[in-house]
Amino acid sequence: MSIQGILLIDLVGLALIILTANLVRIQKLYVGYGVLWTLAVIALMSIVSVPGLLVLVTKGVGAIFPASAVSLLAFVFIFIVLILFSVQLSLISARQIELIQSIALKEALSAKEADKERAPENHTPAAPTRE
């Protein structure tokens, strides 16, 4: 890869790291995901910046061109992130169901107690009157 290409990828990577850190700082991105994205960008920058490492990765994945190897690694990384997001979404859905059921149960109990308070405690029929 040319020096210009390496510098461009490193500058974009540095911008992504800064963006990720800023999103974590203003609490728009969960810290765990921020660490994940930062490590991925650092790994990509390292692979691209060190020619020997890029050749090793290219041979390791069985690719002919270095760009193919980097694309494959990016695809695998994105697939793993999608699986992690799916797991998180499933957990959030399960928590939402539990919360909805808990709220419904509390509302039902409070409605039942309110009905008890409205009903007279000693409901005795009035004595019949003689005429």
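Biologist: Which residues of α2 meet which residues of α3?

Modeller: Keep in mind that this is a predicted model. On the α2 side you have Ser 46, Ile 47 and Ser 49, and they meet Pro 51, Leu 53, Leu 54 and Val 57 of α3. By type, the residues of this contact split into five nonpolar, two polar and no charged.

Biologist: And at what angle do α2 and α3 pack?

Modeller: About 100°, with the axes 5 Å apart. Angles of 65 to 115 degrees count as roughly perpendicular, so that is how α2 and α3 sit relative to each other.

Biologist: What about the core? Which residues make up the largest nonpolar one?

Modeller: The general idea comes first: in soluble globular proteins, nonpolar side chains tend to be buried together. Here the largest nonpolar core has seven residues, namely Ile 6, Ile 47, Val 48, Leu 54, Val 57, Ala 69 and Val 70. Helices α2 (31–49), α3 (51–60) and α4 (66–118) each supply at least two residues of it.

Biologist: Take one core member, then. What does Ala 69 touch, leaving out residues up to four places away in sequence?

Modeller: Ala 69 touches Val 57, Thr 58, Val 61 and Ala 63.

Technical notes:
Residues are numbered from 1 along each chain as its sequence is written. This is a predicted model: local features need pLDDT of at least 70, side-chain atom pairs count only at pLDDT 80 or more; totals for chains, interfaces and linings use all residues. Side-chain values use heavy atoms; hydrogens and water are left out. A nonpolar core is a set of buried Ala, Val, Leu, Ile, Met, Phe, Trp, Tyr and Cys residues joined through side-chain atoms within 4.5 Å. Buried means under 20% relative accessible area, exposed over 50%, partly exposed in between (1.4 Å probe, protein chains only). Helices (H or I, at least four residues) and strands (E, at least two) are DSSP runs, numbered from the N terminus. Contact means heavy atoms within 4.5 Å. Axes are lines fitted to C-alpha atoms, for helices over the stretch in contact, and angles run from 0 to 180 degrees between N-to-C directions. Angles under 35 degrees count as roughly parallel, over 145 as roughly antiparallel, 65 to 115 as roughly perpendicular and the rest as oblique. Ala, Val, Leu, Ile, Met, Phe, Trp, Tyr, Cys and Pro count as nonpolar, Asp, Glu, Lys and Arg as charged, and the others, Gly among them, as polar.
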